[in-house]
Amino acid sequence: MFNPNRLSLARKRRRLTGKGLSELCGLTPVTISRLEKGLNEPELESLERMACALRYPIDFFYGDDIEDIPAEAVSFRSLKKMSAKEREAAIAAGGLGLLVSDWVGERFNLPEVDFPVLDLSDPEAAAVAARQYWGLGEKPIGNMIKLLESKGVRVFSLAEQTKHVDAYSFWRDDVPFAFLNNFKTPEHSIFDCCHELGHLLLHRHQGPKHHRGAEYEANKFSSAFLMPRNDVIAHMPRFVTVDDIIKKKSRWRVSAMALAYRLRDVDVISDWQYRSICIELNRRDYRKSEPVGVEREASVIWKKVLSQLWLERITKEDLASDIGIPFDELENLLFGITQEEVLHSYSGSRRGLRLVS
Amino acid sequence: MPQHTQFVEQVIWQKEDAHAKLKDMDLEAGKLIRAAIAAIGQANNVTRNFATNAWGTFAYHYGLAELRNQFVGPHWRIDRSEGIESIVNDAKMLKVTFQNVDIAMGKDDPKPRSPKGAGAERACEGNLDLFPDYPVYVPVVAEKHELWSLMVDDSGNIELSRPVVLKGTFVCGERVFIADADDWMDVDRTPSYDAGGDAADDFEVEVSRKLSK
């Protein structure tokens, strides 16, 4: 049976308005609207035209309802700059992520959720407590996504091609989910990842609508979690220059700006120095990019799943088809991890396994 | 006029002896170091877009301000007489200025980064007892404070010395060695992250096929 909810989701994913879709598929806007409201059943020919315009398989429109992610539960940092289309598309990606997660969850054992219960409102204290709970001490985090996945978070990528979407996260049936935009620099994505961890830890029980300071708190948490106070103080010179920041930022795998902010937070530099450093970093193009960057992180879980599926001769195309979503959407959600890449890493440990085209 | 100044043998207080000397002067090495920290810390923010004298200017302003932050109180007060910015201890008849120098803690006397004029020469008159044959070109005022300078070089070496001005530069009769750069700029400035280093990334991500499917 045709599912209007899925038509709406597919349209949002392609960043189309009802009118835009109607122009692409040659149906009237009223027809599209009635179909999305479930007032009409589409003719097969109409459905084919819509599916073609949306680049979604026809089967997709006959699945069960895709769980709605309430917009209020999702926190976007650049909300004011985002268009409604960008916001809806990013949230709709969450729905597809849940489909993928459910498919994988039915077939694979994934890490159990292991989150501390924090009764702390101070983000700095919460970061210290979370580090203690997970036994991380003051060490820098070598791979933030891997850490989250090992603690039970299902992490997906967003390929939204816009810098206005950072990341978002939510809890669903006691399982935490995080969606990260890969359009940003790796450092920015790592910070986003930790920012979402902050939301998941600090704001889990505050209901769908976060209070006004939630973004600030999550940023503070991220800063403190990625750059532990004592480690920063121990590893930074007592007189910090811009060059020092650029040299040292790779230790915590953060942006130069994020490290400068943290240094001011822990009183290694003064407000005056912070301002001077920001001006100089800006002059050197460090506000919008990271000229000397770190490697981009990717999911470990999805890599392992794809690896196992490959051994069973199930390709990503098969996976997309089985879930009933377009291949490009699956690619977007799984960090663009290719099975060839998985095979390469796998062939290092198992002799005789070759890529067969 | 003598060609060479005849002066009393130079007194040098090594670092290990400095504490007693400084205590006698109502000063503390730690506080003097903090003034140097402020000076170099701020001066290190200078980039190529700043004026060429910015390093010394920033170091001087922040070094002096921190010197006052650290000491002004019951024993020390701010003094600006004769255009010399300093702190003064009237009970001990001491005056301490902040001074950028070429090399501190070295074998030779530290030299100011810019030539000294008549004002500095007058300010140093309180030190003339160190140099009996020292030629004096400016009027001598009675009851001068002993002038000491916290001398900091751009590497972070610090000494507290008692200079007189001769031909626009310093000759020091007494030097108190406070700290080498290595004593307190003890953090290496090289990148400290390496993949096999102390980062935490050995997290277990267990993924396995369920048997039922």
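I began with chain B, where helix α3 (residues 54–71) lies across β2, β3 (86–89), β4 (94–100) and β5 of chain B and runs at about 150 degrees to β4(B). Here helices (H or I, at least four residues) and strands (E, at least two) are DSSP runs, numbered from the N terminus. For the angles I used axes that are lines fitted to C-alpha atoms, for helices over the stretch in contact, with values from 0 to 180 degrees between N-to-C directions.

I noted that this is a predicted model, in which local features need pLDDT of at least 70 and side-chain atom pairs count only at pLDDT 80 or more, while totals for chains, interfaces and linings use all residues. Residues are numbered from 1 along each chain as its sequence is written, chains are lettered from A and ligands numbered from 1 in the order in which they are written, and side-chain values use heavy atoms, with hydrogens and water left out.

**Sheet of chain B**

I then traced the sheet itself, which is open and has seven strands in the order β1-β7-β6-β5-β4-β3-β2 (chain B), with mixed pairing; two strands pair if DSSP finds at least two bridges between them. At the edges I found β1 (11–13) and β2 (77–79) of chain B, each with a single partner strand, so one side of each has no neighbour in the sheet. Direction ignored, neighbouring strands of this sheet are turned by 30 degrees against each other on average.

Helix α1 (residues 15–24) of chain B lies across β1, β5 (146–152), β6 (158–166) and β7 of chain B, and runs at about 100 degrees to β7(B).

**Helices of chain A**

For chain A I counted 17 helices and four strands. Of its 357 residues, 56% count as buried, where buried means under 20% relative accessible area, exposed over 50% and partly exposed in between (1.4 Å probe, protein chains only).

I looked next at helix α11 (residues 242–252) and helix α12 (residues 256–265) of chain A, whose axes come within 9 Å and cross at roughly 90 degrees. That makes α11(A) roughly perpendicular to α12(A), a term for angles of 65 to 115 degrees. The contact (heavy atoms within 4.5 Å) is made by I245(A), K248(A), K249(A) and W252(A) of α11(A) and by A256(A), L259(A), A260(A) and L263(A) of α12(A). By class, I recorded six nonpolar, no polar and two charged residues in this contact; Ala, Val, Leu, Ile, Met, Phe, Trp, Tyr, Cys and Pro count as nonpolar, Asp, Glu, Lys and Arg as charged, and the others, Gly among them, as polar.

Which phi does R15(A) have, although it is not a glycine? I read a positive value of about 55 degrees for R15(A), which sits in the loop between α1 (4–13) and α2 (18–25) of chain A and is partly exposed at 28% relative accessibility.

R55(A), not a glycine either, has a positive phi of about 55 degrees; I placed it in the loop between α4 (44–54) and α5 (84–107) of chain A, where R55(A) counts as exposed at 53% relative accessibility.

Last, I looked up E329(A) in helix α16 (residues 327–333) of chain A, and found it buried, with a relative accessible area of 2%. Leaving aside neighbours within four places in sequence, E329(A) is in contact with R13(A), R14(A), Y56(A) and L96(A).

How values were computed. Parallel < 35°, antiparallel > 145°, perpendicular 65-115°, else oblique.
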